[in-house]
Amino acid sequence: MAAEMEPPPLGNAGETDFRELEDGEDLFVSTVTTLEYPEPSSPEPASLPAEDISINSNGPKQKDVSFDDDPEDLFAEATEEVSLDSPEREPILSDGPSPAITPVTPTTMLTPRMDLGARCRIEEDNNGDTFDIHIAVSDPEKVGDGMNAYMGYKVTTKTSMTIFNKNETTVRRRFSDFLGLHSKLASKYLHIGYIVPPAPEKSIVGMTKVKVGKEDLSSAEFVEKRRSALERYLMRTVKHPVLLKDPDVIMFLESSELPRAVSTQALSGAGILRMVNKAADAVNKMTIKMNESDAWFEEKHQQFENLDLQLRKLHASVESLVCHRKELSVNTASFAKSAAMLGNSEDHTALSRALSQLAEVEEKIDRLHQDQAYADFYLFSELLGDYVRLITAVKSVFDQRMKTWSKWQDTQLLLQKKRESEAKLQFANKPDKLQQAKDEIKELEGKVEQGEKDFELISKTIRKEVSRFEKERVKDFKAVIIKYLESLVQTQQQLIKYWEAFLPEAKAIA
Amino acid sequence: MNLILNPTLDEAPPLRTHRGIVTSHDFLTTPPAAAMMQEGLDDGPDFLSEEDRGPRAVNVDLQTDATLQVDISDALSERDKVKFTVHTKSTLPNFKQNEFSVVRQHEEFIWLHDSFVENEEYAGYIIPPAPPRPDFDASREKLQKLGEGEGSMTKEEFTKMKQELEAEYLAIFKKTVAMHEVFLCRVAAHPVLRKDLNFHVFLEYNQDLSVRGKNKREKMEDFFKNVVKSADGVLVAGVKDVDDFFEHEKTFLLEYHNRVKDASAKSDRMIRSHKSAADDINRIASTLYTLGTQDSTDVCKFFLKVSELFEKTRKIEARVAADEDLKLADLLKYYLRESQAAKDLLYRRGRALVDYENANKALDKARAKNKDVLQAETSQQVCCQKFEKISESAKQELIDFKTRRVAAFRKNLVELAELELKHAKGNLQLLQSCLGVLKGDT
């Protein structure tokens, strides 16, 4: 059923959706062969706002389910490029839950669907790049001077997707623009259960160094770290099928001028409001006691807690490794110099030469250690850091669900109270007040219904999001681990080369 | 040889490890004649667990023969001292038996060394440097910290770390045994020193030598003596030597000594970083294992496999650090001490030269005044003889020193390179096989 894509107005529909999803999970093990597009008869949902989207079921249940999972399956091959095969699904998704999106997009979706459908059929075995987008962040340049200076980054988007105006766009953005994008996306999607990738963290110390103009190694490293983090952030954001279609995202990637996101500054009015909200949220979390009817959520919540703990631990260990490897590199370099000096003062010629050779070998090894530390960091450590932050986002989505539930319950309680007071008023025989009470009750009944629907919706969305997240996580980790091991292999191969070159020199000492 | 470790710590339980140790003959190179000593154990079997290796610090290249063989056959580590069992095999008539053993402590080695230094007769020889004091403080501290932190880590982590520290302790222990043994072997190999009476007493007298460590007053005396000596050394060094050979040696040794010191310190630091990195990999492996067991998705296999891989590579990395320590750091440390001993020899010769020149001047003065001429003459003769005797033996000693040094460096550098290659290849193989499995899985 295409139903799982749309916000189900009814409770039971939701349940069936869950079951479908679970089946889908099993199907997903092998590459998709039953990749078919549902007939393009569902543009209407896209143009309808919020809840009352008609459910259309195209094609057999299985195919649609596999559809849902296919986008992720295609991910298996892609590293940077995202291959999604069901673009026309997206408007259904995006427009449904977020009323903010104007209904304009659906029409543009109609045409691509046809083409992509064709392409998809042809390329299904290649997990084809029917839907690719590649974002690069590069060329950090300091703009301005003094404390008002900032780093500008070039954002290049290469894509064949038609939601974008051009195949290749280049814009310049600054860090606060990224933060602004994130805050907009968070305000739109977080409360309905979408896992919005967190933006890279602010760093006052790092930026101040750059602003002051310190042209040293640590500030260059800081800029590189930030650049890489921004690139990863954007790629993660566009990999999300819903977020990709968001006009804010598209505007961010395409428009040459962007209104300055002042509200991201820490000390602005909005910033302080954010802090207050965060505190309030923390308090609320403690007071809300939700009776969890769904064991799945309980289990997942626990799982994420455990994962969080372990990832943080691992991150700390990897950071320590990076630090020690850098130290090793420095110490090896200084030893190399010392060995060279020793070789110089040694008066036995062959030994002197051998010692100089040793010094050279150690110098090369020190550079090797440095490269390895670099790889440790950028491959392994940063990935872990990203995921620690992502899991925080996941946890906050779970919290949103709790909030939605709590709101629903509160409205229910309020309704009950109103009903009681209405009953009292009936006996008191005050017709105008009675009417008012009746109106209020009607309104509240509507709200309760809405609250329940919201809760169901967010639960369903979260389930989908979590499954998508898990798939992404598996893919990411697998890819990174393999890359990292390959870097280790390279290091060892180089080591062998260096020592093999040295050995005859050592043997030659007469 | 049995090695009994028994460091009784205050809180931690006493360590008792019985291991067979590779015999000390390992670290003497085989002179062609005495093949019986070396059983081709260069890459020999590790009697000990995978982690440990026999003391193979070949820092000296000695020609030993059957007339006098000395080794340390056993060692016992107690709370604050180490007891070495010195075993001698000899065909020399001076000894009552052909084979015997005594138990000695570190202070007695120092006593022997000092007796050589103070003996005027040996002024013309490079006195083999005294072995460094056995120092288990760092290791003990770590063991204690581990004991305190037992609650904060999992059972497996705790056992792993305990094994690590025990292995480290064992390694330090073996090193100190090796150092003491090298000292004795050098003395035994030296044509003159081996005949020393104190040495024979040291080897044979099976009672306690009652050598107490220096008390405070004596230590202060030593300190002042050293100050005076170094001041004098500067003066003496300033005297230009007529002999080119010695002049060259003087400048060479001074520079060499300083550079060896520097290289030794830097190599120590490098090896320590290496060990820290290996420890980190250990922790990463543990966390990956936990992640793997917790994870319900596909990636758990990855985590478990990589955790296993890192466990193995970490062991190899630790071995690399240990080997670098043995072959490089120890070599440099030893030659730091030997070059100091050679410098001391040159100082003694320089002193004798100054004395000789002073005696000459005194003689001239006496002849001029025609007073106490005979006395001045005899004293001048004595100085002359002393100086010439020292010069002659010193020359040979310094040449021998160079030969020994070159041979030792050669052996160690070759072995270092070979071991590094072996470990890198092992590492590579592990990594590649794991990659193969992981790539096949996806």
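Between domain 1 of chain B and domain 2 of chain B there are six salt bridges in this predicted model, and B:Glu120 forms a salt bridge with B:Lys386 in which the closest N and O atoms lie 3.4 Å apart. The residues on the side of domain 1 of chain B that touches domain 2 of chain B divide into 10 nonpolar, two polar and seven charged.

Domain 1 of chain B spans 66-209 and domain 2 spans 231-441, with 19 Å separating their centres, taken over C-alpha atoms. To their contact, domain 1 of chain B gives 19 residues and domain 2 of chain B gives 23 residues. Of the area that domain 1 of chain B buries against domain 2 of chain B, 30% is supplied by B:Ile126, B:Lys160 and B:Lys175, more than by any other three residues.

The two contacts can be set side by side.

Turning to the chains, 63 residues of chain B are in contact with 55 residues of chain A, and seven salt bridges are counted between chain B and chain A. One salt bridge joins B:Arg405 to A:Asp347, whose closest N and O atoms are 3.5 Å apart. On the side of chain B that touches chain A, the elements giving two or more residues are α6 (244-294), α7 (299-369) and α8 (373-441) of chain B, and α6(B) provides the largest share, 26 residues. The residues of this side of chain B comprise 31 nonpolar, 13 polar and 19 charged.

Technical notes: Residues are numbered from 1 along each chain as its sequence is written. Chains are lettered from A and ligands numbered from 1 in the order in which they are written. This is a predicted model: local features need pLDDT of at least 70, side-chain atom pairs count only at pLDDT 80 or more; totals for chains, interfaces and linings use all residues. Side-chain values use heavy atoms; hydrogens and water are left out. Contact means heavy atoms within 4.5 Å. A salt bridge is a side-chain nitrogen of Lys or Arg within 4 Å of a carboxyl oxygen of Asp or Glu. Helices (H or I, at least four residues) and strands (E, at least two) are DSSP runs, numbered from the N terminus. Ala, Val, Leu, Ile, Met, Phe, Trp, Tyr, Cys and Pro count as nonpolar, Asp, Glu, Lys and Arg as charged, and the others, Gly among them, as polar. Domain bounds come from an automatic or database domain assignment. Buried area is the accessible area (1.4 Å probe) that two parts lose on being put together, summed over both.
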